[in-house]
Amino acid sequence: MTVSRARVLAVALAAAVTGGLDPVAAQTDAANPPVNLAPQLVPGGGEGDGTGQRRAGPRVPQGVGVGTLTEIDPASIGLLSGPEAFPIDMWRGMSRPLVEALLPRLPIGSRSPTVQNLMSRLLLSAATPPQGEGTSAQLIATRLQLLLAKGELAAAERLAAIIPERLADAAIDLARLDLLLLKGDLDDACGRVTDLMKTRDEIYYQKVAVYCALRRGDMEKAQFGIGLLRDSGDEDATFASAVNASMGVRGVRLEGPIAATPLHLRLLQHAKLPIPAEILQDRRPGMMQLVARIGSADMALRAAAAERAEAAGALSTDSLVALYKAFDFKKPELERAMSIAESDGGARGRALLHRAAEAQEAQPAKATVLQKAWQIARASDTFYSSVRANRGFLASLDPRAELAWFAEDAGRAMFALGDLERGMEWLRLAQREARRGDWAAASAAALWSLGRVAGAKGREVDLTEANIQAWWSKLAPRDKDKAAMRAGLLYAALQGSGDAIPASAWEMLLIAREKSPSAAGANGDLLLPLAAAVSERRFGATVVLCLLLVGEGNLADVSPAGLAVVIQALNAVGLRKEARSLALEALIGAGI
């Protein structure tokens, strides 16, 4: 029988790190509930969790055995029920190889609340597995890995808990280990890796074992493991630097690109090495969540990571605000907050503006700071996070004539938050004050378009030729180069939601349109498959293709034609609320 060299090393290292070692206290992270973008698990039918509530039990498609969990196809189980759950047959018409090929391409780094919500429901809904070659383990492992990447640790833990132990799979084992590292259950992670190394020979597990030896303070066992890894030919500069620093080597510096895994970040934390700013290039909200919670990391880096994680729903808004409050700003900085933040352009500047808004007592002064905060946030694609973080300050302001100059900013923020009633109050203020000048009329036109797309009710948001004409005459001159693009997105949002665009409105767009042909977008090749999925009523395929089509970037970068198709497709499969939300996000992202 041939035994691999890696397997021999794994067995040796497993033997070296087990037995007779005194564990130290576990290093844990404070639990922070995620911002409520993902669907909620529905109580009832599950096991008690010790809080007097009942956890949701696994949802199983009809026709799948439910006598015991071991009879359930793991690829079919899910955590959602009720209206939040997607249809049981959502994968109808898609082969298993296609589903497994497309899921890893989902835009997990998107800052769109709607996109994140749709992805969560896609991954958490129970569904009859797609047909075709492949194993149950592959599909469930992909779902687990994507939930971890999204930072939905509680959901990943629930899903992992209902996977039968008989389903031995390397990818599932790795996901379970990374879940413990991300959560901060480090003693449990070390115990699990010891068990895994009895049957697995992955180098990653060997590195985790070295980390665990360092945590216990057992330098002899750590040295032994390092020697085995060196003999295996492993070349991991980040791991080597962190290990050297942990063992007391002075002057250690990270060189080259950082390896970004939960293990590497935990090692850097243990070694008290600074986490490089390049980690912010990582597209996984789950990794940003971990960076935000590492107390020894640079505060500005933690705040920037927290903004990324909060935007994706992987960190609560309260946790982001707590980091903003942890900055030690001096009085002169707070007094010059707006000029400092404008030159800073980063998370520290946004934290400074939050603190400055908090310090203002007069409503006009508070509104001035919020206006600057959101102006900067829109330029850095952090608008929704900034609005949520400053929601309390906004709620304290009254829509009165004294604040007419702030009506557009306040109304936009309220519509973004889904508070249509308060958004309409600011819209009415803007419309009452429109006679005061073009700036006020432009504000009214902008809020009219946002209110209409958001689904607000009332004559103030009626779709009339007069309102469209006002939009063109008052709002378009703000930025003539982008007028046609913004109008195209507005028309796409309105038409995709079922509104009929007047012929005169199309004429205004055609006159303003640039001569260069519009592209269908980077994923324009998905438009035809999406149209086919909608016509054949294939729910899962429709949602996946819509997510791939909008991508991870600013929704305003999606072509009007592409946006209209996505909105119409979501409407066609019954996701009307999500279609409206996506349309509104695109308009706000485009600067309306």
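1. Trp 374, Trp 405, Phe 406 and Trp 426 form a single aromatic cluster in this predicted model. Rings of Phe, Tyr and Trp (its six-membered ring) are paired if their centres lie within 6.5 Å; planes under 30 degrees apart are stacked, those over 60 edge-to-face, and the rest tilted.

2. Eight aromatic pairs are present in the structure. In the pair of Tyr 491 and Trp 506, the ring centres are 5.1 Å apart and the planes stand at 80 degrees, so the arrangement is edge-to-face. Tyr 491 belongs to helix H25 (residues 480-496) and Trp 506 to helix H26 (residues 503-512), so this pair ties together parts 15 residues apart in sequence. Helices are DSSP runs (H or I, at least four residues), numbered from the N terminus.

3. Tyr 491 is buried, at 2% relative accessible area, whereas Trp 506 is partly exposed, at 32%. Buried denotes under 20%, exposed over 50%, and partly exposed the range in between (1.4 Å probe, protein chains only).

4. Lys 207 lies over the face of Phe 239, 5.5 Å from the ring centre. The charged end of Arg 378 sits over the ring of Phe 383, at 5.9 Å from its centre. The criterion is NZ of Lys or CZ of Arg within 6 Å of the ring centre and within 35 degrees of the ring normal.

5. The average pLDDT (the predictor's confidence in each residue, from 0 to 100) is 85 for the protein, and 85% of the residues score at least 70. Over residues 1-57, pLDDT stays under 50. Where pLDDT is low, the predicted coordinates should not be read in detail.

6. Residues are numbered from 1 along each chain as its sequence is written. Local features need pLDDT of at least 70, side-chain atom pairs count only at pLDDT 80 or more, and totals for chains, interfaces and linings use all residues, while side-chain values use heavy atoms, without hydrogens and water.

Key: Contact means heavy atoms within 4.5 Å. Helices (H or I, at least four residues) and strands (E, at least two) are DSSP runs, numbered from the N terminus.
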